[in-house]
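The sequence and the structure are shown first.

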Amino acid sequence: MSFTYATRLKPALVDLSFEITPGETVLVLGPSGSGKSTLTLCLDGLIPHLVEGDYVGQVVVAGLVVEDTPVHVLTQEAGLVFQDPDAQFCTLTVEDEIAFGLENLRHSSEDIEAAIDRALLSVGLAGYRRRHLATLSGGEKQRVALAAVLAMGPRLLVLDEPSANLDPRATAELFALLRGLAADQRHTTVIIEHKLDELMEWID
């Protein structure tokens, strides 16, 4: 596939073609401006549904043709975690943030409560339900952002430089968590990252 933003002359992606095996963890490398973040937007449907531009080809995620599938359906199959968790937070507390997507999909309150507990446990933040997001450290915020994505039950996890704003300790904690998620192979994972030393041992 290829994509050129409506406001630019030079394509962001040109003749890109690849397949990822379910359960695999893939690292995407490249210099700034090479199209890595554009790729993430193609995987979760923001391109072509919400971002204007010239879109050629076809992207298929979890058996769904992206351009033919509404974004709210794609978000249940492809979860995106940004560099800056504050940029994707929609609420003020941990439990509200994790519940937000599920409430919009009209899940039952019982299912939402269970999903919050499972998601927080999976990212090592059990007991954080009622914490205000503004009181959390950068690493804790990034884990809440990941928990909110995991609660939706996607088969594909996409992480766009998730450690970019974290200190070394928070980075190590996040990568240990991601390593565990990769090991259980319940998700297919695409990671954009520059801190390679902590990743190369376990990236497929």
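Strand β8 is mostly covered, with five of its five residues buried. The model is a predicted one. The burial of β8 extends to both of its faces: Thr188, Val190 and Ile192 are buried on one side, and Thr189 and Ile191 are buried on the other. In a regular strand, side chains alternate between the two faces of the sheet.

**The sheet**

The strand β8 belongs to an open sheet of four strands, arranged in the order β2-β8-β7-β6 with parallel pairing. The edge positions are held by β2 (25–28) and β6, each of which pairs on one side only. From one strand to the next, the twist averages 15 degrees.

Which strands pair with β8, and over how many bridges? On one side of the account stands β2, which pairs with β8 in the parallel sense over four bridges. Within the residues of these two strands, Thr25 stands opposite Thr189 in β8, and Val26 stands opposite Val190 in β8. The strand β7 also pairs with β8 in the parallel sense, here over five bridges. Leu159 has Ile191 in β8 as its bridge partner.

Helix α6 lies across β6 and β7 (156–160), and its direction is at about 170 degrees to that of β6.

**Helices**

Helix α1 is largely enclosed by the rest of the structure, because seven of its eight residues are buried. The buried residues of α1 are Lys36, Thr38, Leu39, Thr40, Leu41, Cys42 and Leu43. The helix is followed by Gly45, which has a positive phi near 90 degrees.

In α4, the buried residues are Val94, Glu95, Glu97, Ile98, Ala99, Gly101 and Leu102. These buried residues pack against α5 (109–122) and α6. An α-helix has 3.6 residues a turn, so residues three or four places apart point the same way. Just after α4, Arg106 adopts a positive phi of about 65 degrees.

Is His49 buried, partly exposed or exposed? His49 has a relative accessible area of 33%, so it counts as partly exposed, the class between the 20% and 50% limits. This residue is located in helix α2 (residues 46–49). When residues up to four places away in sequence are not counted, His49 touches Val66, Glu67, Thr69, Val71 and Leu74. The C-alpha atoms of His49 and Leu136 are separated by 33 Å, and these two residues are 87 residues apart along the chain.

**Pockets**

| Property | Pocket and value |
|---|---|
| Volume | Largest pocket: about 640 Å³ |
| Volume | Second largest pocket: about 540 Å³ |
| Lining classes | Largest pocket: 15 nonpolar, six polar and two charged residues |
| Lining classes | Second largest pocket: 14 nonpolar, four polar and two charged residues |

The largest pocket has a volume of about 640 Å³. Of the 23 residues that line this pocket, Thr75, Gln88, Phe100, Gly101 and Met152 are the closest to its centre. Four elements, α3 (71–74), β6 (78–81), α4 (94–104) and α6 (138–151), each supply at least two residues of the lining of the largest pocket. Among the contributors, α4 gives the most, with five residues. Gly101, listed above among the buried residues of α4, is thus also one of the residues closest to the centre of the largest pocket.

The second largest pocket is lined by 20 residues, and Phe18, Ile20, Leu43, Val60 and Val61 lie nearest its centre. Two or more lining residues of this pocket come from each of α1 (36–43), β4 (60–61) and β8 (188–192). The largest contribution to the lining of the second largest pocket is that of α1, with three residues. Leu43, which is buried in α1, is one of the residues nearest the centre of this pocket.

Technical notes: Residues are numbered from 1 along each chain as its sequence is written. This is a predicted model: local features need pLDDT of at least 70, side-chain atom pairs count only at pLDDT 80 or more; totals for chains, interfaces and linings use all residues. Side-chain values use heavy atoms; hydrogens and water are left out. On a 1 Å grid over the protein atoms alone, a cavity is a set of points where a 1.4 Å probe fits but cannot get out, and a pocket is an open set with protein on both sides within 12 Å along at least five of seven lines; lining residues have an atom within 4 Å of a point. Grid points are joined across faces, edges and corners, and a volume is the space filled by probe spheres set on the points. Ala, Val, Leu, Ile, Met, Phe, Trp, Tyr, Cys and Pro count as nonpolar, Asp, Glu, Lys and Arg as charged, and the others, Gly among them, as polar. Two strands pair if DSSP finds at least two bridges between them. Axes are lines fitted to C-alpha atoms, for helices over the stretch in contact, and angles run from 0 to 180 degrees between N-to-C directions. Contact means heavy atoms within 4.5 Å. Buried means under 20% relative accessible area, exposed over 50%, partly exposed in between (1.4 Å probe, protein chains only).
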